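Have the structure open alongside as you read.

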Amino acid sequence: MKKLIFKIMGAISLMSVVCCVDGREFDELDSSCTTDLAANITFEELDSLVQDDVIQIQDDLILEGYVISSDRTGNFFGVLYLQNALSNPSKGIQLEMDLRESHLLFPVGSKVLVKLKDLYLGKRGENIRMGSVFSSFGNLSIGRLPSVKVFEHFLVSCEGRGIPEPLIATIPEMDSLPSNILVKLENVEFAEEILGETYAVAQEETERTLVDCEENGIKLVNSGYADFQAEALPEPNGKLTAILTKDGKTPQLIIRSLKDVDFVNERCPEIITEFTSNKIFISELADPDNNAGARFVELYNSSSEPLDLNLWTLRRYTNDNTEVSSTIDLSDFIIGAKSTLVISPNAAEFELVYGFAPDLGVSTNSPADSNGDDNLELVDPFGTVIDVFGVIGEDGSGTNHEFEDGRAVRNPDILEGNPVYTFGEWTIFNDSGDAGTTDLPQNAPEDFSPGVRD
């Protein structure tokens, strides 16, 4: 009992010293260290103990890890992160503790031995968490270990401190890395739309987006109580060191201080994916006489390289309308060199009739669902009309741009779009068209060739 009272009083005394220091910028306190404990469980073995529910560890297990977090600047609160090696870590863990200024007792790089018996273990997504326990609506959750218990379970090794070497990785690689480890990203910057803002909104946890030069993004989470909360986000590009955590399976980063942000390089060059080209055009329109569900529009790329349709649109003007009736956004697609893009208003019926799925399934009453007397425009990202079928403002019925119950196919010698409808570029089948068109209704699938340039 005397030993127990002494230990508690010692812990309280140490806490008093910590709490009475004004500010965070001061040297670490000297603390006792241990030489008589040895690890008898690895991080991987600890991970294997995690179940769906929170469990309490009953065995005399000792875990050895290295401190990678610091609450010196206030961006971390009530948590300590350990990883299983100073370099090339394979696992990390999040320790919940009700201990302010923990960096004074557990400096970055310290080897810490954790006496696991009686601690609670759980997992949130991919984050292994350990600490005390509390009940919420009948469910147990990991909570902060009271400060007087911290010193019973967490002891610094007398071996001295090392320097954690962050794992260098890219933003796309974050998904496959273990949670709760120290990482470094190179050639990253804050997203342009948030430049001029601060690291965090006062007293609110705030997410800021980091991007690389390929426009991959990841969230940096900052505390609204951090010392650097009001600092403006830096504009340049550079390196960032942070602790990788995961919200569910979504990776996110937390820095320890602004020393982790080394942005001194020029920003990434702007990626321009919007372009214009007259090599993309409408190559076939279908309104089968025997099955309206088998309608489609086919686009063709006559160039020798793939072309990105970012911000391209296909517009429909129903009958004699002069205002756009419906639009298809083509942004998610790239047309391969000398290849087609087939768009269907009824993807299931299209596949049943033609034996393969369309490249894009859209809704009825869309530009791909014309009954043969409507007019279409293919428009580039800058609002320029690249290709047209029909005459805007003129109902196609009985004209040389009617393909009702039939088909309009671009002649094979046409290799560029034309913003002015030119009947001589088309071969048109219908049931009642003007002279020069073919009065011969077409049936699906035999009279059509979606995906193949005739």
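Glutamine 203 counts as exposed, because its relative accessibility is 57% and the cut-off for that class is over 50%. Keep in mind that this is a predicted model. You'll find glutamine 203 in the loop between β11 (181–190) and β12, and its backbone is worth a look: phi is near 65°, a positive value in a residue other than glycine.

Asparagine 319 does something along those lines, with a positive phi of about 55° although it isn't a glycine. Its place is the loop between β20 (313–317) and β21 (326–329). At 29% relative accessibility, asparagine 319 counts as partly exposed. Why point these out? Most residues other than glycine have a negative phi, and most peptide bonds are trans.

On the peptide-bond side, alanine 444 and proline 445 are joined by a cis bond, with omega at about 5°. Proline 445 belongs to the segment after β29 (438–439).

One more loop residue before moving on: asparagine 84, in the loop between β3 and β4. Its relative accessible area of 22% makes asparagine 84 partly exposed.

**Disulfides**

How many disulfides does a search of the whole structure find? There are 2. A disulfide is a covalent bond between the sulfur atoms of two cysteines. Here they are together:

| Disulfide | S–S distance | Torsion about S-S | Hand |
|---|---|---|---|
| Cysteine 33 and cysteine 158 | 1.9 Å | about 100° | right-handed |
| Cysteine 213 and cysteine 268 | 1.9 Å | -80° | left-handed |

The bond of cysteine 33 and cysteine 158 links distant parts of the chain, 125 residues apart. Cysteine 33 is in the loop between α1 (2–19) and α2 (43–49), and cysteine 158 is in the loop between β9 (154–156) and β10 (167–168). Both ends get some solvent: cysteine 33 is partly exposed at 41% relative accessible area, and cysteine 158 is partly exposed at 33%.

Now for cysteine 213 and cysteine 268: are they buried or exposed? Cysteine 213 is buried at 17% relative accessibility, and cysteine 268 is buried at 15%. This pair also links distant parts of the chain, 55 residues apart. Cysteine 213 sits in the loop between β12 (206–212) and β13 (217–222), cysteine 268 in the loop between β16 (261–265) and β17. With the bonded cysteines numbered in sequence order, the pairing reads 1-2, 3-4.

**Rings**

The aromatic pairs come to 14. Take phenylalanine 350 and phenylalanine 356: their ring centres are 5.4 Å apart and their planes lie at 90°, so the pair is edge-to-face. The two partners fall into separate accessibility classes, with phenylalanine 350 buried at 0% and phenylalanine 356 partly exposed at 33%.

Ring pairs also build a cluster out of Phe296, Phe350, Tyr354, Phe356 and Phe448. There's a charge-over-ring contact to see as well: the charged end of arginine 453 sits over the ring of tyrosine 300, 5.0 Å from its centre.

**Cavity and pocket**

Phe296 from that ring cluster also turns up in the lining of the largest cavity. A search of the whole structure finds 1 cavity of 30 Å³ or more, and the space in it is about 30 Å³. Among the other lining residues are Leu285, Ala286, Val297, Pro367 and Phe403. β17 (280–286) and β18 (296–301) are the elements that give two or more residues to this lining. By class, the cavity lining has 8 nonpolar, 1 polar and 1 charged residue.

The largest pocket holds about 900 Å³ of space. It is lined by 34 residues, and the closest to its centre are Asn75, Phe76, Phe77, Val79 and Glu205. Which element gives the most to the lining of the largest pocket? That's β14, with 3 residues. Elements giving two or more residues also include β3 (79–83), β4 (92–96) and β7 (127–136). The pocket lining divides into 9 nonpolar, 11 polar and 14 charged residues.

Note on methods. Residues numbered from 1 in each chain as written. Predicted model: local features only at pLDDT ≥ 70, side-chain atom pairs only at ≥ 80, totals over all residues. Heavy atoms only, no water. 1 Å grid on protein atoms, 1.4 Å probe; cavity = no way out; pocket = protein on both sides within 12 Å on 5 of 7 lines; lining within 4 Å. Points joined across faces, edges and corners; volume = space filled by probe spheres on them. Helix = DSSP H or I, 4+ residues; strand = E, 2+ residues; numbered from the N terminus. Nonpolar A, V, L, I, M, F, W, Y, C, P; charged D, E, K, R; others polar. Phe/Tyr/Trp six-rings, centres within 6.5 Å; stacked < 30°, edge-to-face > 60°. Buried < 20%, exposed > 50% of the residue type's maximum accessible area, 1.4 Å probe, protein only. Lys NZ or Arg CZ within 6 Å of the ring centre and 35° of its normal. Disulfide = S-S within 2.5 Å.
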